[in-house]
Amino acid sequence: MRNKRKLLIEQLDQKLQPFSESRKVLVPERGWINTIRTALNMTMAQLGAKLNITRQGVKRIEESEANGTITLNSLKDVAMALDLKLVYALVPKNETIDDLIQKKADKLAQKIVLRTNQNMKLEDQGIGDDKIAKTIKELANEIKREMRKSLWD
């Protein structure tokens, strides 16, 4: 099962790889629809005609995109009307899905080990920094390998 999950993660990272540069893209303040329409020197009325809606409808669509409430269906309709392709993906903020999992596993392992060590110190049984670091690394690898559900708490 672990190998299957690892393979799925690797395949997902491969699928998302073409989107890695998208992290650098800044969404225009007024949204893509307004920006593209304006760059094409297209009026709201012209875009509305292509969408079979009024100029006011186009204005509402542009405003909903700018404030983050637009639906995917509306984006698809506008893309089609402009002869564009809507590209939709959820991509990791940094690097890959595998890196995201590793980061979460490291954080969880650190929390567990440091909490345990604190209890041991209270009983005068604490361990040294090198041993703590090694234990955190080992536990993080185990957590990642097992993909514990607690990783996402």
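Reader: What is the separation of Lys59 and Glu63 in helix 4 (residues 55-66)?

Author: Lys59 and Glu63 are about one helical turn apart, because 4 residues separate them in helix 4 (residues 55-66). Helices are DSSP runs of H or I with at least four residues, strands are E runs of at least two, and both are numbered from the N terminus. The model is predicted, so that local features need pLDDT of at least 70 and side-chain atom pairs pLDDT 80 or more, while totals for chains, interfaces and linings use all residues. Residues are numbered from 1 along each chain as its sequence is written, and side-chain values use heavy atoms, without hydrogens and water.

Reader: How do you know that Lys59 and Glu63 meet in a salt bridge?

Author: The term requires a side-chain nitrogen of Lys or Arg within 4 Å of a carboxyl oxygen of Asp or Glu. For Lys59 and Glu63 the N to O distance is 3.9 Å, and the pair is therefore a salt bridge. In general, side chains of opposite charge can pair when their charged atoms come close. By this rule the count comes to 7 salt bridges.

Reader: Why are Lys59 and Glu63 called partly exposed?

Author: Buried means under 20% relative accessible area, exposed means over 50%, and partly exposed lies in between (1.4 Å probe, protein chains only). Lys59, at 32%, is therefore partly exposed, and so is Glu63, at 43%.

Reader: What makes Lys134 and Glu138 a salt bridge, and where do they lie?

Author: The N to O distance of Lys134 and Glu138 is 3.9 Å, which meets the rule for a salt bridge. Both residues belong to helix 7 (residues 129-146), where they are 4 residues apart, about one turn of the helix. Glu138 has a relative accessible area of 44% and is therefore partly exposed.

Reader: Why is Val27 called exposed?

Author: Val27 has a relative accessible area of 56%, over the limit for exposed, and therefore bears that name. Val27 is in the loop between helix 1 (2-16) and helix 2 (32-39).

Reader: What makes the nonpolar surface patch that includes Val27?

Author: Val25, Val27 and Trp32 make this patch of about 280 Å². Patch residues have over 30% relative accessible area and no salt bridge; nonpolar side chains (Val, Leu, Ile, Met, Phe, Trp, Tyr) are joined within 5 Å, like charges within 9 Å. Areas come from the Shrake-Rupley method with a 1.4 Å probe, and for residues only the protein chains shown count as cover.

Reader: Why is Val87 called exposed, and where does it lie?

Author: Val87 has 53% relative accessibility and therefore counts as exposed. The place of Val87 is the loop between helix 5 (72-81) and helix 6 (97-122). The C-alpha atoms of Val87 and Asp153, 66 residues apart along the chain, are separated by 30 Å.
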